[in-house]
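I opened this model to look at its packing, its strands and its chain contact. My notes follow in the order in which I looked things up.

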Amino acid sequence: MADSNEPLLETPLAALHRDLGGRMVPFAGYAMPVQYPAGIMAEHLHCRAAAALFDVSHMGQAELVGEGAAAALERATPADVQGLKPGRQRYGLLTTDDGGILDDFMVANLGDRLFLVVNASRKHLDLPRIESLLPAGVTLRPLPDRALIALQGPGAVAAIATLAPGIADLSFMGVGSFEIAGAKVLVSRSGYTGEDGVEVSVPAERAVAFAKALLALPGVRPAGLGARDSLRLEAGLCLYGNDIDETTSAVEAALTWTIGKRRRTEWNFPGAERVREELANGAKRLRVGIRPEGRQPARGHTPIHEAGGAAPIGEITSGGFGPSLNGPMAMGYVAGGLAADGTALDLMVRGKAIPARVAPMPFVPHRYAR
Amino acid sequence: MSETKFTKDHEWVRLEGGIATVGITDHAQNALGDVVFVDLPEPGRVVAAGEACAVVESVKAASDVYAPIAGKIVEVNGALADNPGAINAAPTTDGWFFRIEPADAAEVAALMDEAAYAAFVDTLA
């Protein structure tokens, strides 16, 4: 993480955000728009109803090239990278040697290379870590000169497909190269809102023209980090640093599904020993969805008690109000025996117990183009 | 109508008939964003000036609301439970939070007037 005294970095769209009335805040060392004049609620609901444009250029992009790149990346992740077909993308975890989570990331197979997207706050750790595990002949190339723009919502693909019709043929987690607004771009049908949509990697010098071309399409409006956060929480998706970190394991975080089946027979990824032990004997704590009763949100770090219990059995890691859910929602970690859906909990907000229950996630159903 | 006074914590106060009505300013509601919940004090509670006595929750975050003056809470705006959006839509009228019977009405007079508050907000930009 950048030192708080360092000047904030900007993405190629910084001036556009200001022109659009974006309220800029520090995030992972970057000045980013938390919202535009419409406000978080309206931006969130617009994404679920039509199409929202998000600047996620602060995230780290890189490519991995050379014979055996997929096998090399598997030295850093329990994901099945070798089994990823050309034109397909996958969500995975980078793990520490102790079985904690170094970061969560996306990897795409572009045929002649792998394309990676990692978190802004972690790229300074992720890229050296991956590089340290590479054999001769495999090279990691950071792509700092590329912007990343997400267009999310039920109208997103129809809108962008008016500029490049082939995008509509991608299925969820499909990847392809296209030319839009004079720029060669890499499009993946994915995102982090629970909606259908795309994430587009664009050369930095073309990013403003590209974003303006998207914003000119019917139904497309800008949305900031505030809406991105409430959308991802409704979708039950983890935010690195809140819901997962170097102390949490894939099993505790309920992200065991990101571990490839083959990897669970080989046990040759960093931290495999801890994951194997927790899969066999159960994890001490588990990440669950939580629905507080009433309207009052319970935020991150709120202590969780068993209903009527005197001692904490866990903590909220992300919590807020879901505009589409029209109610409060949270995720957090609870002791292993208290993770079943429906389990009654007390959330200790400002010294008062708010009744809540363990609830299935996503809170709002995913609408991916499977 | 009596003059509205302001605090550096972005509350407004209006003294009418010996009772002070308190809410948050338009600047504050705009900074908070869409309000989804308020936690109001119990009527009868005695509060000190500057004491946190209500909480306003927006989509984004929770923020304390402070008693601008010492006194006793005599009434709270129960309508906010069903319509917290009134704080965004009408922060200085329908969006009021609570009413205080002042321990010393002169405390209200000592707060910032509208021009002083506007100048204070400008220093924050």
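I started at L53(A). Leaving aside neighbours within four places in sequence, L53(A) is in contact with I149(A), L151(A), A211(A), L214(A), L215(A), V220(A), P222(A) and A223(A). Contact here is C-beta atoms, placed from the backbone, within 7 Å.

I noted the ground rules next. This is a predicted model, so I kept in mind that local features need pLDDT of at least 70, side-chain atom pairs count only at pLDDT 80 or more, and totals for chains, interfaces and linings use all residues. Residues are numbered from 1 along each chain as its sequence is written, while chains are lettered from A and ligands numbered from 1 in the order in which they are written.

I then looked up the largest nonpolar core, which has 131 residues. L53(A), L73(A), V107(A), L116(A), I149(A) and L151(A) have the most contacts inside this core. A nonpolar core is a set of buried Ala, Val, Leu, Ile, Met, Phe, Trp, Tyr and Cys residues joined through C-beta atoms within 7 Å. Buried means 20 or more other C-beta atoms within 10 Å of a residue's own, exposed means 12 or fewer, and partly exposed lies in between; C-beta atoms are placed from the backbone. β6(A) supplies the largest share of this core, six residues. Strands (E, at least two residues) and helices (H or I, at least four) are DSSP runs, numbered from the N terminus.

**Sheet in chain A.** Five strands form an open sheet in the order β5-β6-β7-β4-β8 of chain A, with antiparallel pairing. Strands pair if DSSP finds at least two bridges between them. β5 (88–95) and β8 (139–142) of chain A are the edge strands, each pairing on one side only. Neighbouring strands are turned by 25° against each other on average, direction ignored. Strand β6 (101–109) and strand β7 (114–118) of chain A pair over five bridges. I picked out A108(A), whose bridge partner in β7(A) is F115(A).

**Helix α2(A).** Is this helix buried or exposed? Seven of the 10 residues of α2 (40–49) of chain A are buried, so the helix is largely enclosed by the rest of the structure. I listed the buried ones: I40(A), M41(A), E43(A), H44(A), H46(A), C47(A) and R48(A). Their cover includes β2 (30–35), β3 (51–55), β9 (146–152), β13 (220–222) and α7 (225–234) of chain A.

**G21(A).** I found G21(A) in the loop between α1 (14–19) and β1 (23–27) of chain A. G21(A) is exposed, with 12 other C-beta atoms within 10 Å. Beyond four places in sequence, G21(A) touches Y36(A) and P37(A). K212(A) is 191 residues from G21(A) in sequence and 15 Å away in space, C-alpha to C-alpha.

**Domains.** Chain A is assigned domain 1 (14–58 + 145–234), domain 2 (61–135) and domain 3 (284–359). The bounds come from an automatic or database domain assignment. I read 33 Å between the centres of domain 2 and domain 3 of chain A, taken over C-alpha atoms.

**Chain contact.** I finished at the contact, which takes 10 residues from chain B and 14 residues from chain A. β4 (35–39) and β6 (52–58) of chain B each give two or more residues to the chain B side. β4(B) gives the most, three residues. In chain B, β6(B) also forms a hairpin with β7(B), with three residues between them. I noted A54(B), whose bridge partner in β7(B) is V65(B).

Key: Contact = placed C-beta atoms within 7 Å. Axes fitted to C-alpha atoms, helices over the stretch in contact; angles between N-to-C directions.
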